[in-house]
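Please read the following points with the structure open beside you. Each point may be checked against the model in turn.

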Amino acid sequence: MPATHATKPGEAPWKKSACILCSLNCGLEIQVQDGHITKIRGDRDHVASRGYTCEKPRALDHYQNPKTRLTSPLRRRADGSFEEIDWNTAILEIAARFSEVREAHGGQAILYYGGGGQGNHLCGGYARATRSVLGSTFTSNALAQEKTGEAWVDGQLYGKTRCHTTPDFEHAEVAILLGKNPWQSHGFPRARTVLKAISKDPERSLIVIDPRRTESADLADTFLQIKPGKDVYLLSAILAVLLEEDLFDRYFIATRTRGADQVLDALQHIEVSDYAERCGIAEDQIRQVARRIGTARSVAILEDLGVQMAPHSTLNSYLEKLIYLLTGNFGSQGTMNLHTMVAPLGGGSGGPEKSPVTGAPVIQGLIPCNSIPEEILTDHGDRFRAALVESANPVHSLADSQQMRDAFKALDLVVVIDVVMTETGRYADYILPASSQFEKAEATFFNFEFPENFFQVRGPIFEPLPNTLSEAEIHSRLIRELGGLDEDLVQKLRAAAEESLDAFTQAFFGALASQPEAGAVSAILLYETLGKTLDDGMECAAAIWGLMQNVARSFPDSANRAGFEGSGPALGNALFEAALGSESGIIFSVDPWDESWQRLAHQDGRIDLAIDSLLDELRNVEANGPADHAEFPFVLAAGERRTSTANTIFRDPEWRHKDAEGALRICPEDAAQLGLSNGSLARVTTRRSSVEAPVEISETLQRGHVTLPNGLGLAYPDESGKERVYGVAPNELTSLEDRDWLAGTPWHKYVPARVEAVPSA
Ligand SMILES: Nc1nc2c(c(=O)[nH]1)N[C@H]1C(S)=C(S)[C@@H](COP(=O)(O)OP(=O)(O)OC[C@H]3O[C@@H](n4cnc5c(=O)[nH]c(N)nc54)[C@H](O)[C@@H]3O)O[C@H]1N2
Ligand SMILES: Nc1nc2c(c(=O)[nH]1)N[C@H]1C(S)=C(S)[C@@H](COP(=O)(O)OP(=O)(O)OC[C@H]3O[C@@H](n4cnc5c(=O)[nH]c(N)nc54)[C@H](O)[C@@H]3O)O[C@H]1N2
Ligand code: SF4
Ligand SMILES: [Mo]
């Protein structure tokens, strides 16, 4: 790697890679010329995407070649400006300053934030080594403002938070999208193709639950245009109807679950007509939907930010899962299944369950994003004093940007590893320039497929930009400087790696057995030894060897069924060699339809349906809801995925042909009442701040509901080189306290707001 594919005479070669703009990482073929991405097409050989892409990757050169690429380590001066320094100085000083923090306050005072956005995940593994050398216990990333509530519920139901279910939309008779707009945001392979197929098939139904008539809702057989934030009423009313009309799968409940009685008891008290009114969906329609679900051969559901970033979010995840579980839609074709994975998402297991400073829950090893400023802006002796931020932009992406700026200013040391200058970088003491995702080996870690799961390793398609380094190299240098690497061991393992993969395997496992402490830095050991024997540009794929050994240990039968022979280390090696040798990805696991039952982590093999704390919340749902704010009559969804958004991965506003400044969407009636017209300016005010945005009048919205896109409000130089901020940064408007009581996940989709016309000058 990187290898080439058939080209026309005179044409630049097509190089295999993947899109890095959303979790799907669709396979791509890319032509490059003079350091630029010139042509892109879907890779038809890719094992998961099979040639599919959406429109966004066409703009990928804006990621690879923005005006703001970093080409030197930077150190902040006393006056706040940055000066360029060389790598040696940067590594020396950063190691020394982290050591000072560790000596004065302990390693747990160093927060690690990040570990991979949509396609940059190997750094998370290498950073684990640095964290262990520093003794940095706590970590967080975007999952802790979206998926931790759902993961916590999975942990209760199935026994481990890594028991993640995936919907089988390819085969489901009924497909439900709950607060999810895959037409724009994807979330499963070939989303548009799959949705269109369900929509066209008269035997199958697509049900969309969303306050806005989205592109996905346009394809729905049934669109439930719910009042924003009221899903808890709809979901529990559906469950109540299923109970009333005896549509639960009693056999499944009796043989496969425990704790159902407590759930049924809580559901009995629900008055469907009252709940229908609260969520704004007619009772008749709720009953029809419940009957469709209750009588279908198979049902699959995908929930996402529309409920995960709204009031009652953890409870919503629970109710969503009760709908498919109580109707027996689990562990079979067309339903919900527990899949294999190359590495569990999140920050690792086995650490503290609560933060010692705020008592915030640590789920999937992650501190809730909304707690981070409180973990810093306090007198508590255990507060965070330093942060290492990698491949993330938390000052922009976490709730309440002002509090985030204050918090980052209060830290003794902030180090940011990124490809460009960001809102977070501005608060750093040091910024380290990383090679881009097209300049180093990377891999796809959102492997959520079932019954066949896939993995793609991709090679670089460009030489690294001069003076940038891969994260693996950065962590390796830091660890060396911190004295965390046993150089004799490195020599021994490198010699073995040069001999053969088998010799290396034996030497590596032997070393771990005699020096278990080396396990903590194993990713960097792999990089420094096995990595040096891989092809040019593939060094940082070395950690994948360890992950493939884990796959061989955790899912040997699945890997054998996928055609990989042997067991133990030999199986791991077969997987590793195949992964590095197949540019369009491999199917690494194949399961029978009932495999989910093997994957369940409860000892008795049953699903534990009763979650007392959430049933209590359900019984007192009113009291646990958001407060009313009379002065803020609108609900603002702050962070809608649109065709013109891709988190903050593209900073150059040029790529946005439509919706350049990120419009505030509002329905015609509200716009008329407020005197707003298309393109006119609106002022949006929340408890935190007040911003201006151009208006887009849209029939897709209901009264009282407005939306702003995610990923805007980024600073970028204009033609004259002067920095300008394009669009509204959504988190200038959000509040830290608007969050789930259990998981701490934010209510970004439910921001109380006021909207006014800005008088034209
Ligand atoms: N184009 C594009 N695609 C992306 C991204 C991107 O930036 N741009 N980002 C990627 C990332 S990081 C993620 S996490 C995913 C997120 O993917 P999604 O979760 O699909 O994205 P959103 O548009 O934020 O929210 C989904 C839907 O929730 C609806 N919603 C709002 N409030 C409520 C409510 O109260 N109840 C219900 N039921 N629905 C509600 C919105 O109208 C919206 O249609 O997208 C990924 N894909
Ligand atoms: N109000 C509101 N806030 C939200 C959301 C919302 O809907 N509403 N959505 C939330 C969600 S779901 C998410 S996922 C987050 C996303 O927010 P973040 O997780 O903070 O990350 P991204 O915006 O994806 O930005 C990723 C960063 O990685 C950098 N990067 C890219 N490639 C590389 C590389 O190879 N190496 C390194 N070191 N860095 C690289 C980019 O330059 C960028 O700065 O935002 C969250 N914030
Ligand atoms: S679906 Fe996601 S990964 Fe695939 S091409 Fe579109 S943005 Fe890229
Ligand atoms: Mo996300």
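**Notes on the predicted model**

1. The largest cavity is the space taken by ligand 3. On a 1 Å grid over the protein atoms alone, a cavity is a set of points where a 1.4 Å probe fits but cannot get out. This is a predicted model, in which local features need pLDDT of at least 70, side-chain atom pairs count only at pLDDT 80 or more, and totals for chains, interfaces and linings use all residues. Residues are numbered from 1 along each chain as its sequence is written, ligands are numbered from 1 in the order in which they are written, and side-chain values use heavy atoms, without hydrogens and water.

2. Around ligand 3 (a heavy atom within 4 Å) stand C19, L21, C22, L24, N25, C26, T53, C54, K56, P57 and H186. This shell comprises seven nonpolar, three polar and one charged residue; Ala, Val, Leu, Ile, Met, Phe, Trp, Tyr, Cys and Pro count as nonpolar, Asp, Glu, Lys and Arg as charged, and the others, Gly among them, as polar.

3. Helix α4 (residues 148–158) and helix α14 (residues 313–326) have axes that come within 8 Å and cross at roughly 45°. Therefore α4 is oblique to α14, since angles under 35 degrees count as roughly parallel, over 145 as roughly antiparallel, 65 to 115 as roughly perpendicular and the rest as oblique. Helices here are DSSP runs (H or I, at least four residues) and strands likewise (E, at least two), numbered from the N terminus.

4. A cis peptide bond, with omega about 5°, joins F450 and P451. P451 is placed in the loop between β19 (442–443) and β20 (452–455).

5. D34 is not a glycine, yet has a positive phi of about 50°. D34 belongs to the loop between β3 (27–33) and β4 (36–42).

Notes
On a 1 Å grid over the protein atoms alone, a cavity is a set of points where a 1.4 Å probe fits but cannot get out, and a pocket is an open set with protein on both sides within 12 Å along at least five of seven lines; lining residues have an atom within 4 Å of a point. A molecule sits in a cavity or pocket if more than half of its atoms lie within 2 Å of its grid points. Axes are lines fitted to C-alpha atoms, for helices over the stretch in contact, and angles run from 0 to 180 degrees between N-to-C directions.
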